[in-house]
Amino acid sequence: MPQTTTAPQWRVSLADNTIDDEEIQAVTAVLRSRWLSPGPQTRAFERDFAEALGCPAAVAVSSGTAALHLAVLALGIGPGDEVIVPSLSFVASAAMVALQGGTPVFADIRSETDPTIDPADVRRLITDRTKAIVAMHYGGYPADVAALAELAGEYGVALIEDAAHAPVVKAAGAMLGTLGDVGCFSFFATKNLTTGEGGMVVARDPALLDVIRAARSHCLSSSTWDRLHSGAADYDVAGIGLNYRPTEIASAIGRIQLEKLAHDRRRRAVLTAAYRERLAAVPGLVAPFAHYDGDSARHLMAVLVPEGVARNDVRSELRERGIQTSVHYRPTHHFTFYRERFDSGEHPLPVTEAVAARLLSLPLHALMSDDDVALVVDGLSESIVRSSERSIP
Ligand SMILES: *Cc1c(COP(=O)(O)O)cnc(C)c1O
């Protein structure tokens, strides 16, 4: 068979995965078994993931967005309900709130160096309509979950953790995703644990997780696998559900990716340290979490370009050198739909506004070499110097 690839050829790509023969063999075994919908691999993946998080159970789903949707659905969020979300996040959490008829309310981030949701701003935004708070662990670094959990407890609202960047990361004495009421994970292709597309949900209350598990598959009283293996002939439907089931193929990949996570993380830590050392020499550049030394997935290497430097010029110059970059994220309240529907302009987000125009994500993945880091930082420094020269009249 001819080798084909559709991946663009970057000299240093933004993200990459650690898929190799192990996953290929696991997938082949699933295909040979000819059972492709949720079955033993999915159950084992859920068990392995729950064990890694130190919680009793987990529910595997088809994406991180599905995980967030099930969280919002199971918490009963609907019309008239407000959910406080960080604007500086992927659009999915605000979207799933809006999809259920709820109102996303955008909160600011803490600072340039800690771009996670600011508990003080969350407190200002709480009303008697608030039903939940979403904490997103930016780049795999923990949001202040202890403060947010306390706030959620004080006001009797739920805490949802968007832990898409942070599978198996310990902070405040527990695994991220297990500190709030519901934890949502993504296994999208660029995430540090990937199954191509996929996700996982955990919940503190087993009854809530039961609701999530049921809604993942139409609220059917038994699965196809159960019916085949227990002889149960029929099923009942207890509510409105969806089809957010993962495939056995994805689950088999996930189990191996989970085993590889510790190794992946060690490499990311080395690369991040190398980046930080070199980036410290770039004048005006800010590297968020530079002094954080706790556990992290080190999913992103985000920086803030110096003030006055045109980020797009820097991005184009790096692209010309074969270096792929991204922006995590354009604030959600800037997008047309959210600006028109949910941003009254009454609650400004000054830190988000200041940071958003300067954010730039540099390549970071376990297959990078030390030389790649040098190449990226050299390219970045040179493009910053050129951009500053251009901006001088
Ligand atoms: C990737 C991501 C999601 C969505 O996950 P999908 O698996 O792509 O649906 C949600 N939130 C954050 C912060 C993400 O990075």
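Analyst: What follows describes the ligand and the residues around it. This is a predicted model, in which local features need pLDDT of at least 70 and side-chain atom pairs count only at pLDDT 80 or more, whereas totals for chains, interfaces and linings use all residues. Residues are numbered from 1 along each chain as its sequence is written, and side-chain values use heavy atoms, with hydrogens and water left out.

The shell around the ligand holds 15 residues, of which Gly64, Thr65, Asp162, Ser186 and Lys191 come nearest (a residue is near if one of its heavy atoms lies within 4 Å of the molecule). By type, the shell divides into seven nonpolar, six polar and two charged residues, where Ala, Val, Leu, Ile, Met, Phe, Trp, Tyr, Cys and Pro count as nonpolar, Asp, Glu, Lys and Arg as charged, and the others, Gly among them, as polar. Helix H3 (residues 64-74) supplies the largest share of this shell, three residues; helices are DSSP runs of H or I with at least four residues, numbered from the N terminus.

Turning to individual atoms, a backbone N or O atom of glycine 64 lies 2.7 Å from a ligand oxygen atom, while a polar side-chain atom of aspartate 162 is placed 2.7 Å from a ligand nitrogen atom. For histidine 165, a polar side-chain atom lies 2.8 Å from an oxygen atom of the ligand. Taken alone, the ligand exposes 380 Å², and the protein buries 92% of that, with accessible areas coming from the Shrake-Rupley method with a 1.4 Å probe.

Conventions. A polar contact is a pair of N or O atoms within 3.5 Å; within protein, one must be able to donate a hydrogen and the other to accept it, and residues adjacent in sequence count only if both atoms are side-chain atoms. Helices (H or I, at least four residues) and strands (E, at least two) are DSSP runs, numbered from the N terminus.
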